[in-house]
Amino acid sequence: MATRNGISLENASVTLGGTRILSNLTLHLTERRIGIIGRNGSGKTTLLRLMAGLIPATTGSATIDGIAPTDRKAILPRLGILFQNPDHQILFPTVAEELAFGLRQQGQSQAAADAAVTALLIRESRGHWAKALTHTLSQGQRHYLCLLSILLMQPQTILLDEPFAGLDLPTQIRLARRLAALPQRLITISHDPSAVANCDRVLWLEQGQIRADGPPDVVLHAFKAEMARLGEQDADTDLTN
Ligand SMILES: Nc1ncnc2c1ncn2[C@@H]1O[C@H](COP(=O)(O)OP(=O)(O)OP(=O)(O)O)[C@@H](O)[C@H]1O
């Protein structure tokens, strides 16, 4: 079978705890900047976890460049994930250990990993972070550390789950600039239209299905109008999840 570049879902569904969370999604994502938008509980994080191989498709399939994401060894150099909560990502007591871990997983020697970490921290004007204890960094700093860990590993695709949540404005602006300059494919998940406004393609997820898929101006215009309409109501009446 010819290898397909990008992320492909073929009729993929996910059921968790007896509830259907994602329903029959067929998608082929090849653009460099992709946004996935939707309300709380619409299934965005579940979709990210499916694409990353952290949960299997209950039916159908997900592949990255033709490889099943559950094949961790093959997927490691291809995929980086920035979780919404850095505490779900950080494993090590010091910044240098945290940063070196991914490179060691990729097969680099300890000496090569340490040298790459030192060079990165100096480039980032964060040389003083090397011995810093990860739990003493602020939330925003831990978030940034997670991004540095991913960038160090140079994956071809990066999944970002609410990358701007909880960050102060200068940090958001800096992070947006940093992300915009990356050559990699970025898939950004958010409930905030402004976080995906510069994408090449935006998917609007609603109750586990694609409600709209297209250029950001078209999809976000419809999304914002619908969110404003729902906001006029005193309560949600039509949610099943
Ligand atoms: N392990 C699970 N078992 C049962 N239901 C689950 C499980 N994980 C998620 N869900 C349900 O799936 C739905 C989608 O959750 P998901 O976290 O994917 O939404 P989301 O769009 O990322 O939401 P948010 O914007 O609030 O982060 C929710 O109704 C949630 O309660």
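## Strand pairing at the start of the chain

Two strands are said to pair if DSSP finds at least two bridges between them. In this predicted model, strand β1 (residues 7-16) and strand β2 (residues 19-29) pair in the antiparallel sense over seven bridges, and S8 has H28 of β2 as its bridge partner. The hairpin that β1 and β2 form has two residues between the strands, and G17 takes a positive phi near 55° there.

Strand β1 also pairs with strand β4 (residues 59-64), again in the antiparallel sense, here over five bridges. Within this pairing, S13 stands opposite T59 of β4.

## Overall form and annotation

The chain has seven helices and nine strands. Its radius of gyration is 19 Å, close to the 18 Å that the globule rule gives for 241 residues, so the chain is as compact as a globular protein of that length. Taken along the principal axes, the box that the C-alpha atoms fill is roughly 55 × 45 × 35 Å.

Of the 241 residues, 34% count as buried, and among contacts between residues at least 6 apart in sequence, 67% join residues at least 24 apart. The UniProt record, an unreviewed entry, carries the annotation "domain: ABC transporter" for residues 7-232; over that stretch the chain is 36% helix and 27% strand, with the end C-alpha atoms 37 Å apart.

An open sheet of six strands, with mixed pairing, runs in the order β5-β6-β7-β3-β8-β9. Its edge strands are β5 (79-82) and β9 (209-214), each of which pairs on one side only, and neighbouring strands of the sheet are turned by 15° against each other on average, direction ignored.

Helix α1 (residues 44-51), for its part, lies across β3 (33-38), β6 (157-161), β7 (185-190) and β8, and runs at about 155° to β6.

In soluble globular proteins, nonpolar side chains tend to be buried together. Here the largest nonpolar core has 56 residues, and those with the most contacts inside it are I36, L50, M51, L82, L159 and V202. Helix α5 (residues 139-153) gives the most to this core, with nine residues.

M51, one of the residues with the most contacts inside the core, is in contact with I7, A62, P69 and L159 when its neighbours within four places in sequence are left aside. L159 is likewise listed among the residues with the most contacts inside the core.

## R201 in strand β8

R201 lies in strand β8 (residues 201-206). With 19 other C-beta atoms within 10 Å, R201 is classed as partly exposed, because a residue counts as buried if 20 or more such atoms lie within that distance and as exposed if 12 or fewer do.

Not counting residues up to four places away in sequence, R201 touches E31, I34, G214 and P215. R201 and E226, by contrast, are 25 residues apart in sequence and 19 Å apart in space, C-alpha to C-alpha.

Conventions: Residues are numbered from 1 along each chain as its sequence is written. This is a predicted model: local features need pLDDT of at least 70, side-chain atom pairs count only at pLDDT 80 or more; totals for chains, interfaces and linings use all residues. UniProt positions are given in the numbering used here, feature names are shortened, and annotations may be inferred rather than shown by experiment. Helices (H or I, at least four residues) and strands (E, at least two) are DSSP runs, numbered from the N terminus. A nonpolar core is a set of buried Ala, Val, Leu, Ile, Met, Phe, Trp, Tyr and Cys residues joined through C-beta atoms within 7 Å. Two residues are in contact if their C-beta atoms, placed from the backbone, lie within 7 Å. The radius of gyration is taken over C-alpha atoms; the globule rule is 2.2 Å times the number of residues to the power 0.38. Axes are lines fitted to C-alpha atoms, for helices over the stretch in contact, and angles run from 0 to 180 degrees between N-to-C directions.
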